Amino acid sequence: METEGRADEGSSSQRDPQNTGSYDFSLTPQDSLPTEDSQPAEKSVPIEEPIVVDRKAIEKLTEGLLSHYLPDLYSSKQALLELNQNQVILLDTLDQEVTKFRECNSLLDLNSLFTEAKFYHGKLVNVRKDMIMLHEKTTKLKKRALKLQQQRQKEAMEKEQQRDKELERERQLIAKPAKRT
């Protein structure tokens, strides 16, 4: 941005670099005159003659300047590109690491869920065993109750038969009046 500002400042004293004309780097007497805003100098500056520089010399100086700074600029550019690529790789690696940490945290959550599921599975197995045991006990109790009911019915039937036998025996033992002939 500084070079753009400088190029704008110097545009009045030089032509467009793309133009095939020669550059005019000469100083005019107006360039060395003090302006209204400037302080008057204690010593007066002598006005010099304009300096005229040959176009070939300017081109050679430009080539020399460019040849001096361009290799460093290119190597700096390469270093910056490499640094940028390394930063991209580092960011990708960091994203992968963050993803791994999130997976680890979710694995810890999964481990606690599996532990809890195992605990409740054990409780469920115990409840199932208890239900099977209770089912077996109720089945046994039903069978026993059925047997007891059948035995009581049998006893009640035997008592009824015994009573019937006793009543029949008593009837037979009761004296019968003899018939008159």
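Buried means under 20% relative accessible area, exposed means over 50%, and partly exposed lies in between (1.4 Å probe, protein chains only). This is a predicted model: local features need pLDDT of at least 70, side-chain atom pairs count only at pLDDT 80 or more, and totals for chains, interfaces and linings use all residues. Residues are numbered from 1 along each chain as its sequence is written, and side-chain values use heavy atoms, without hydrogens or water.

**Figure 1. Overview of the helical protein.**
Along the sequence the pattern reads α-α-α. Helix α3 covers residues 55-173. Of the 181 residues, 2% are buried. The accessible surface amounts to about 18300 Å² (Shrake-Rupley, 1.4 Å probe; for residues, only the protein chains shown count as cover). Carbon and sulfur atoms hold 57% of that surface.

**Figure 2. Close-up of the salt bridge between Glu-97 and Lys-100.**
The whole structure contains 4 salt bridges (side-chain nitrogen of Lys or Arg within 4 Å of a carboxyl oxygen of Asp or Glu). One of them joins the side chains of Lys-100 and Glu-97, at 3.8 Å from N to O. Both residues sit in helix α3. They are 3 residues apart, so about one helical turn separates them. Lys-100 is partly exposed, with 47% relative accessible area. Glu-97 is also partly exposed, at 33%.

**Figure 3. Close-up of the salt bridge between Glu-160 and Arg-163.**
Here the side chains of Arg-163 and Glu-160 meet, with an N to O distance of 3.6 Å. Helix α3 carries both partners. Their spacing is 3 residues, about one turn of the helix. Arg-163 has a relative accessible area of 48%, so this residue counts as partly exposed. Glu-160 is partly exposed too, at 40%.

**Figure 4. Close-up of the salt bridge between Glu-168 and Arg-171.**
Glu-168 pairs with Arg-171 in a salt bridge. Their closest N and O atoms are 3.2 Å apart. In helix α3 the two lie 3 residues apart, so the gap between them is about one helical turn. Glu-168 is partly exposed, at 34%.

The structure holds 1 aromatic pair (ring centres of Phe, Tyr or the six-membered ring of Trp within 6.5 Å; planes under 30 degrees apart are stacked, over 60 edge-to-face, the rest tilted). Phe-119 and Tyr-120 form this pair, and their geometry is edge-to-face. The centres are 5.2 Å apart, with 70° between the planes. Phe-119 is partly exposed, with a relative accessible area of 46%. Tyr-120 is partly exposed as well, at 45%.

**Figure 5. Close-up of the surface patch of positive charge.**
Four lysines gather here: Lys-137, Lys-140, Lys-143 and Lys-147. Patch residues have over 30% relative accessible area and no salt bridge; like charges are joined within 9 Å, nonpolar side chains (Val, Leu, Ile, Met, Phe, Trp, Tyr) within 5 Å. Lys and Arg count as positive, Asp and Glu as negative, while His and the chain ends are not counted. Charges are placed at NZ of Lys, CZ of Arg, CG of Asp or CD of Glu. Lys-147 lies in helix α3. Its relative accessible area is 59%, so Lys-147 is exposed.

**Figure 6. Close-up of the nonpolar surface patch.**
Leu-107, Leu-110, Leu-113 and Phe-114 make up this patch. Together they have about 410 Å² of accessible area. Leu-113 is in helix α3.

How values were computed. Helix = DSSP H or I, 4+ residues; strand = E, 2+ residues; numbered from the N terminus.
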